[in-house]
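Good morning, and thank you for making time for this item. Please look at the sequence and the model together as I go through them.

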Amino acid sequence: TKDEAAAHHAQVELDEAKEIAAKIEGKVVSLKAKAGANGKLFGSVTSKEIAEELKKNYGVELNKKKIVLESDIKSYGTFPFEIKFYNGITASLSVAVCEE
């Protein structure tokens, strides 16, 4: 039935999310950025850039809306962030921002 198919599809998506979360848990995403003399970045690091880097380095295709940053990243350093796949399925990673 239609409901069984939908339930199966949802379960497959859930299993895939768990697999991806386990694969990237604890990973560090490196991004290069330009900054002014005071070390403050021109602009800030965006979830879109992080998503692109995840795809490039780990082959993980993600909607940038699933990336949760604690605050705007406007300087060099390492910052924690989370990816919320589904309710109860998250992965904790870090983004390392270094000089271009």
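I begin with strands β5 and β6, which pair in the antiparallel sense over 9 bridges. Two strands count as paired here if DSSP finds at least two bridges between them. Helices and strands are themselves DSSP runs, numbered from the N terminus, with at least four residues of H or I for a helix and at least two of E for a strand.

A word on the source: this is a predicted model, in which local features need pLDDT of at least 70 and side-chain atom pairs count only at pLDDT 80 or more, while totals for chains, interfaces and linings use all residues. Residues are numbered from 1 along each chain as its sequence is written, and side-chain values use heavy atoms, with hydrogens and water left out.

Let us stay with the hairpin of β5 and β6. There are 2 residues between its strands, and G88 takes a positive phi near 85°. Within this pairing, K84 stands opposite T90 in β6. Strand β5 also pairs with β3, residues 67–69, in the antiparallel sense over 3 bridges. There, L69 stands opposite F81 in β5.

Which residues have the most contacts inside the largest nonpolar core? They are I83 and F85, in a core of 23 residues. By nonpolar core I mean a set of buried Ala, Val, Leu, Ile, Met, Phe, Trp, Tyr and Cys residues joined through side-chain atoms within 4.5 Å. At least two residues of this core come from each of α1, β1, β2, α2, β5 (77–86) and β6. The most is given by β6, with 5 residues. Setting aside residues up to four places away in sequence, I83 touches I24, L54, L62, K66, I67, I89, T90, A91 and L93. Contact here means heavy atoms within 4.5 Å.

I turn next to charged side chains. How many salt bridges does a search of the whole structure find? The search finds 5, a salt bridge being a side-chain nitrogen of Lys or Arg within 4 Å of a carboxyl oxygen of Asp or Glu. I shall describe some of them.

One joins E100 and K34, whose closest N and O atoms are 3.2 Å apart. This pair links distant parts of the chain, 66 residues apart: E100 lies in the segment after β6 (89–99), and K34 in the loop between β1 (28–33) and β2 (40–45). E100 counts as exposed because its relative accessibility is 56%, and K34 is likewise exposed, at 53%. For these classes, buried means under 20% relative accessible area, exposed over 50%, and partly exposed in between, with a 1.4 Å probe and protein chains only.

Another joins K56 and E53, at 3.5 Å from N to O. These two are separated by about one helical turn, because they are 3 residues apart in helix α2, residues 47–58.

K84 is partly exposed at 43%, and E82 is partly exposed at 26%.

Finally, consider K18, found in helix α1, residues 2–24. K18 counts as partly exposed because its relative accessibility is 45%. The C-alpha atoms of K18 and S30 are separated by 23 Å, the two residues being 12 apart along the chain.
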